[in-house]
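Reader: I'm new to this, and I'd like to learn how to read a protein model. Could you walk me through it, feature by feature?

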Amino acid sequence: MERLLKETGRDWDRRSHRLAVLASMTRPGAQESWAQQAPDSAEAMNLYAWGAMTRGARTPLSYDEVSAALDACRAAARLDPSDPSPWVAQLGLLRQWRRPTDEVFPVWDEIVSRDPWHREAHVQMFGYLSADECGSHAQAMEFVDQVRSSAPATAPTVALPLVSLVDRYFRLLAQGGLNAMMADQFWSGHEVDGVLRDGLTLWSRPGHLQHAEALRDLNLLAFALLAAKQTPLAAPVFEAIGGVVTPVPWGHGGQDPVDAFTRAWQRTDPAR
């Protein structure tokens, strides 16, 4: 694990991706043991903090767990002041505890001063600003619009507008009743057309997306195109994905991601 994290160097995007994968695939006991054995390792401290953030997104953490994870964030930040990773974990933990903006925004400033287009940080901030958490629909959409208008076309945050669309769609489904019944209508309109057009124009070009989560973003695009009933346009996106399935969005609602992906891919080519 240490080798995998160290060899990313100052590629913060790649480092974030590997931290996320390791945090979800290793046991909390292993993360804690490494942190205890290597208190002077930024990699160990980061993994411990990211592990807590990852678990907390599924199940609320105790006060002691959050406190220990925040201590790990501070230790990692001291050990490698240039790395945004511990600040991202801190942002995620503060978001989970619905902390006020005067605690969250200074952490956000620390992140973007180190990596202006950090994908995970932007996804966390979008969630924090949503109406279901500590903001409003208007605040969340303003944040997405600012990123869309200012980020480079190949930045790791390029898919944030699409992330926001899929997130809002899933929230409608979760509400049940009439909102869920009418959710398909969500995929019509100027906003959706613009986001999907941006993705189709650039993303599936070979080599265009170089960030670590590019395949996740392509999976989101394929899903959104099918949801918007633009099935023929999804075919080249599935080809660009090359069969690499991501749990989000295909695992939504408890589905098996590979089965859901396969059924969706077959819709673009019935002979497959």
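Reader: Let me start with one side chain: is M182 buried, partly exposed or exposed?

Author: Keep in mind that this is a predicted model. Buried means under 20% relative accessible area and exposed means over 50%, with partly exposed in between. M182 has a relative accessible area of 39%, so it counts as partly exposed. You'll find M182 in the loop between α11 (177–181) and α12 (190–202). Together with L178 and M181, M182 forms a nonpolar patch on the surface, with about 360 Å² of accessible area for the three together.

Reader: And what about M25, buried or exposed?

Author: M25 has a relative accessible area of 66%, so it is exposed. M25 is found in helix α2.

Reader: Where do nonpolar side chains usually go, then?

Author: In soluble globular proteins, they tend to be buried together. Here, the largest nonpolar core has 47 residues, and W50, L91, L93, I111, M125, F126 and F143 touch the most other members. Several helices give two or more residues to this core, including α2 (12–25), α4 (42–56) and α8 (119–129). Take M125 as a case: leaving out residues up to four places away in sequence, M125 touches L91, V104, F105, W108 and F143. Another core, of 36 residues, lies apart from the largest one, and its members include A183, W187, F238 and W250.

Reader: I see aromatic rings in those lists. How many aromatic pairs does the structure hold?

Author: A pair of aromatic rings is described by the distance of the centres and the angle of the planes. This structure holds 14 aromatic pairs. In one of them, W108 and F143 sit 5.6 Å apart, centre to centre, with 70° between the planes, which makes the pair edge-to-face. W108 belongs to helix α7 (residues 101–114) and F143 to helix α9 (residues 137–150), so the pair ties together parts that are 35 residues apart in sequence. Both W108 and F143 are buried. Elsewhere, ring pairs link Y169, F170, F186, W187, F223, F238, W250, F261 and W265 into a cluster.

Reader: Now the charged side chains. How many salt bridges are there?

Author: Side chains of opposite charge can pair when their charged atoms come close. The structure holds 18 salt bridges. One joins the side chains of R114 and E110, at 2.7 Å from N to O. R114 and E110 are both in helix α7, four residues apart, about one turn of the helix.

Reader: Which parts does the salt bridge between D217 and R119 tie together?

Author: That bridge is 2.5 Å, N to O. D217 lies in helix α13 and R119 in helix α8, so the pair ties together parts that are 98 residues apart in sequence. D217 and R119 are both buried. There's also a network of salt bridges that links K6, R15, E43 and D83.

Reader: Last topic, the backbone. What is the phi of R98?

Author: R98 has a positive phi of about 55° although it is not a glycine. R98 sits in the loop between α6 and α7. K229 isn't a glycine either, and its phi is positive at about 60°. You'll see K229 in the loop between α13 (214–227) and α14 (231–241).

Reader: Which residues does a cis peptide bond join?

Author: V248 and P249, with omega about 15°. P249 lies in helix α15 (residues 247–250).

Technical notes. Residues numbered from 1 in each chain as written. Predicted model: local features only at pLDDT ≥ 70, side-chain atom pairs only at ≥ 80, totals over all residues. Heavy atoms only, no water. Phe/Tyr/Trp six-rings, centres within 6.5 Å; stacked < 30°, edge-to-face > 60°. Buried < 20%, exposed > 50% of the residue type's maximum accessible area, 1.4 Å probe, protein only. Patch = residues over 30% accessible without salt bridge, like charges linked within 9 Å, V, L, I, M, F, W, Y side chains within 5 Å. Areas by Shrake-Rupley, 256 points an atom, 1.4 Å probe, with all protein chains shown as cover. Salt bridge = Lys/Arg side-chain N within 4 Å of Asp/Glu carboxyl O. Core = buried A, V, L, I, M, F, W, Y, C linked by side-chain atoms within 4.5 Å. Contact = heavy atoms within 4.5 Å.
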